[in-house]
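Reader: Before I rely on a structural model, I would like to learn how its features should be read. Could you take me through them one by one?

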Amino acid sequence: MAKFSLEQVNDMYFDVLKELGNIGAGNATTAISNMLNLKVDMKVPKVQFLDFQELPTAISAEEETVAGIYLEVENDIGGSMMFLLKMESAHYLVNRLMGRPDDYMEPFNEMDLSALKEIGNIISGSYLSALSTITNLIITASVPYLAIDMAAAILSVPAIQFGQYGDKALLIATEFGDDITIEGFFILMPDIDSYDKILASLGVAL
Amino acid sequence: MATIKVGMADLKVCKAPDMVTTLGLGSCIGIAMYDPVLKIGGLAHIMLPDSTQMRNHSNIAKFADTGIEELVKQITRAGANKRRLVAKIAGGAKMFEVSGASAIGNVGLRNAQASKAKLKQLGIPLLAEDTGLNYGRTVELYPATGEFYIKAVGKKLKII
């Protein structure tokens, strides 16, 4: 039986989770800037500890269309993670990757969607590899799955994951860019036993 | 006419001409229920199929079984006749085409099944449903007519 519960997060655990989020998001940002050859300034990511009911409105209004990339996390820890982008940011990144002008806003075609999936894959992969390095745990990810839909509908997936264990959720918001600011959001959803493993690997006793 | 908003793991009751809505249902289910004579309705936004499978089930509106029971309780408390209650449901999408039979991959389907089973157990007829597939839905219940509006990105308004 897992000892950890998101209800019991005290300041120290929260700091640990926050720091993992920072490092992961930092690594992911570097990956994007390399991929797209962008000069990237990154702000310190904001780690929010929310009631799961707040998730649907945490990144935008409920009905605003956003892009969500979902991966299952496997090996030493189990669970899943999600990377979300506002549509403006998603278009900007895809345009960069496809060599189009920044203001091109036509709906995504098949090619664009697979480019977006790949962006999500690289970002999430670098996030997880940072987590793997720090914890010394083997962490791998499934292929990426993409959905473009209402924010609340996409966020129902992590809300349900967190909802199984308690009433809290962890959201990491990151902003980066030079001329255009890209807003991305990470949600890491380890299954409940994996929290113990992550914290234990960092020498945080429960 | 007032618009009453239901959040995630939440439920609300209203009387015509007011309407009750929940925005962006994904794998969750919106359970609309009303008394067609008195025009009293309610909407529950449940997230998980079964409270008995969970350690933490203090939030009764989170689960299909306890959420539907509570919805019936609150609608009848508002004056509706339990024997006249009818239901419509929407949501339960599979937002990501996750391969294999992971628990999260089919939670939408399980939510829909659990909701229907609970309605059946309580003897409340299910008049219509719009569940499954892979997109989010905003729903609105108008107790004045019993119409249940379903809105989705890039799709025409559907009324069931």
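Reader: In what sense do β1(B) and β3(B) pair, and over how many bridges?

Author: β1(B) and β3(B), residues 19-25, pair in the parallel sense over 3 bridges, and B:K5 has B:T21 of β3(B) as its bridge partner. Strand β3(B) also runs antiparallel to β8(B), residues 137-142, to which 4 bridges join it, and there B:T21 stands opposite B:E140.

Reader: Which strands form the open sheet, and in what order?

Author: In chain B the order is β1-β3-β8-β9-β10, an open sheet of 5 strands with mixed pairing; its edge strands, each pairing on one side only, are β1 (3-5) and β10 (158-159).

Reader: How many residues of β3(B) are buried?

Author: A residue is buried if 20 or more other C-beta atoms lie within 10 Å of its own, exposed if 12 or fewer, and partly exposed in between, with C-beta atoms placed from the backbone. By that count, 7 of the 7 residues of β3(B) are buried, and in chain A buried residues make up 44% of the 206 residues.

Reader: Which elements of chain A give two or more residues to the side that touches chain B?

Author: Two residues are in contact if their C-beta atoms, placed from the backbone, lie within 7 Å. The contact takes 25 residues from chain A and 27 residues from chain B; on the side of chain A, the elements giving two or more residues are β3 (65-75), β6 (145-150) and α4 (151-163), and α4(A) gives the most, with 10 residues.

Reader: What should I check in the geometry of α4(A)?

Author: The expected span of a helix is 1.5 Å times one less than its number of residues. With 13 residues, α4(A) reaches 17 Å from its first C-alpha to its last, close to the 18 Å expected, and 13 of its 13 residues are buried. Just after α2(A), A:G99 takes a positive phi of about 65 degrees.

Reader: Where in chain A is confidence lowest, and where is it highest?

Author: pLDDT is the predictor's confidence in each residue, from 0 to 100. Chain A has a mean pLDDT of 82, with 89% of its residues at 70 or more; confidence is lowest in strand β1(A), residues 41-42, at a mean of 69, and highest in β6(A), at 94. Where pLDDT is low, the predicted coordinates should not be read in detail.

Note on methods:
Residues are numbered from 1 along each chain as its sequence is written. Chains are lettered from A and ligands numbered from 1 in the order in which they are written. This is a predicted model: local features need pLDDT of at least 70, side-chain atom pairs count only at pLDDT 80 or more; totals for chains, interfaces and linings use all residues. Two strands pair if DSSP finds at least two bridges between them.
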